[in-house]
Amino acid sequence: MEQNPKARRGYSRDQRSDCVQLVIALVVTPDGFPLAYEVLNGNTSDRTTLRGFLKKIEERYGKARRVWVMDRGIPSEAILKEMREPEQQTFYLVGTPRGKISQHEKQWLDLPWQKVRDSVEVKLYQHEGELYVLAKSEGRQKKEIAMRRKRLARLLRKLRAMRKSLPQRDQLLLRIGAAKKEAGRAFGLVKIQIPKAGAKVTRKSFSFQVDKKKLKSAEQRDGHYLLRSNLTSEDPAVLWTRYVQLTQIESVFRSLKSELGIRPIYHQLEHRADAHILIAFLAYCLQVTLKNRLMRYAPGLTPTAVLEKLSTIQMVEVWIPMLDGRWLMLPRHTQPEKDVQAMLEHLHLTLPSQPPPRIKATTLPSPSTPAAQPSLW
């Protein structure tokens, strides 16, 4: 992709450091509707784009009381400090690493929990002009515990299989490395004793056990989120709701990558690659519009399921020969099946009227079309 200066090697979230890439910066509303996007160099860091985007959105849409909701890896401390300055009047809500919970533990312990939802409680603490919100979600806690235990159980099964087969030490290290990559953070909850270099792998020299103290500590932190904001007078329930809406942003990129198939980009020229991304962006605009319509009229349906149903409606052209040698062309869309028609009525959608007929000269659309037979295109 030498002809596209934006195509660079950078941090790949898909672990594909062997490929050049482009970075897409996207701004969406809390409902997931896209406001703006920009195609950046593939080696662009998230932190380096934020300051420019804040300025660009303000120039394009004017000043307003916006609240920027960001994941913990995006803003730097310097940018957050700028946003807190009185002349900036830029409000933010950002996630904070869970390690900060331990740093402020003394302040949290004596504070009461406030219920903001049926399964969500929060503790509030102000520090250096910021409001810290420690949120605890019971549903999220159960989900995270279940996910960790599933990964941990899979890891233990693989370790038992290794201990049963007792491979050579080099092969054992390779298999443990592969298991570590798959287990993720759950790997740190298991103590593994590995034979020293040159030693034989035996049941005595190779053993493992779950670190129950670490596991209990991790499960106690599950479902807890530490948020920070310069909206010190905001309702904590509103802050929690806004932060959860980050999942809308994550769903955008999942849709672009999977359902809309934005990758791979085969174009070599910069303007063609940008056009490819523009088409994907417009497709997402249509998809999110359909998604919000489904939330209103048919919450049980997904955009993918609806599009699969609608794909059965096709546009055809019926060519009928006339006595004077010309052709009568009837563009028509096929009539939907009963289940598709019921879905359209449920979504308050109507198909357009059938297009008017047209008369063509004697030239057929294809040389292979029989002259005396009507054809369906």
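How many nonpolar, polar and charged residues does the lining of the second largest cavity have, by class? The legend to Figure 3 gives the answer.

The structure is a predicted model, in which local features need pLDDT of at least 70, side-chain atom pairs count only at pLDDT 80 or more, and totals for chains, interfaces and linings use all residues. Residues are numbered from 1 along each chain as its sequence is written, and side-chain values use heavy atoms, with hydrogens and water left out.

**Figure 1. Overview of the protein.** The secondary structure comprises 12 helices and 14 strands; helices (H or I, at least four residues) and strands (E, at least two) are DSSP runs, numbered from the N terminus. Along the principal axes, the C-alpha atoms fill a box of roughly 90 × 65 × 50 Å. The radius of gyration is 29 Å, whereas a compact globule of 377 residues would have a value near 21 Å; the radius is taken over C-alpha atoms, and the globule rule is 2.2 Å times the number of residues to the power 0.38. Of the 377 residues, 33% are buried. Here buried means under 20% relative accessible area, exposed over 50%, and partly exposed in between (1.4 Å probe, protein chains only). Among contacts between residues at least 6 apart in sequence, 59% join residues at least 24 apart, a contact being heavy atoms within 4.5 Å.

Figure 2. Rolling a probe the size of a water molecule over the atoms shows where empty space is left. A cavity is a set of points, on a 1 Å grid over the protein atoms alone, where a 1.4 Å probe fits but cannot get out; lining residues have an atom within 4 Å of a point. Grid points are joined across faces, edges and corners, and a volume is the space filled by probe spheres set on the points. The search of the whole structure finds 2 cavities of 30 Å³ or more, and the largest cavity holds about 60 Å³ of space. Its lining is formed by Ile-24, Leu-26, Tyr-37, Leu-256, Ile-262, Ile-277, Phe-281 and Tyr-284. Strand E1 (23-28) and helix H10 (270-297) are the elements that give two or more residues to this lining, and H10 gives the most, with 3 residues. The lining residues divide into 8 nonpolar, no polar and no charged. In this classification, Ala, Val, Leu, Ile, Met, Phe, Trp, Tyr, Cys and Pro count as nonpolar, Asp, Glu, Lys and Arg as charged, and the others, Gly among them, as polar.

**Figure 3. The second largest cavity.** About 50 Å³ of space lies in this cavity, which is lined by Arg-151, Arg-154, Leu-155, Lys-158, Ala-179, Glu-182 and Ala-183. The elements that give two or more residues to the lining are helix H5 (138-165) and helix H6 (169-183); H5 gives the most, with 4 residues. By class, the lining has 3 nonpolar, no polar and 4 charged residues.

**Figure 4. Leu-155 in helix H5.** Leu-155 belongs to helix H5 and counts as buried, at 3% relative accessibility. Leu-155 and Ala-179 are 24 residues apart in sequence, and their C-alpha atoms are 6.4 Å apart in space. Beyond its neighbours within four places in sequence, Leu-155 is in contact with Ala-179, Ala-183, Ala-186, Phe-187 and Val-190.

**Figure 5. Asn-230 and its polar contacts.** Asn-230 is found in the loop between strand E10 (224-229) and helix H8 (236-244). Its relative accessible area is 13%, so Asn-230 is buried. A polar atom of the Asn-230 side chain lies 2.9 Å from the backbone oxygen of Thr-90, and a polar atom of that side chain lies 2.9 Å from the backbone nitrogen of Tyr-92. A polar contact is a pair of N or O atoms within 3.5 Å; within protein, one must be able to donate a hydrogen and the other to accept it, and residues adjacent in sequence count only if both atoms are side-chain atoms. Leaving aside neighbours within four places in sequence, the residues in contact with Asn-230 include Met-83, Arg-84, Phe-91 and Gly-129.

**Figure 6. Two loop residues with positive phi.** Leu-166, in the loop between H5 and H6, has a phi near 50°, a positive value in a residue other than glycine. Leu-166 is partly exposed, at 28% relative accessibility. His-348 lies in the loop between helix H12 (338-346) and strand E13 (358-360). The phi of His-348 is positive, at about 60°, although it is not a glycine. His-348 is exposed, with a relative accessible area of 52%.

Terms used
1 Å grid on protein atoms, 1.4 Å probe; cavity = no way out; pocket = protein on both sides within 12 Å on 5 of 7 lines; lining within 4 Å.
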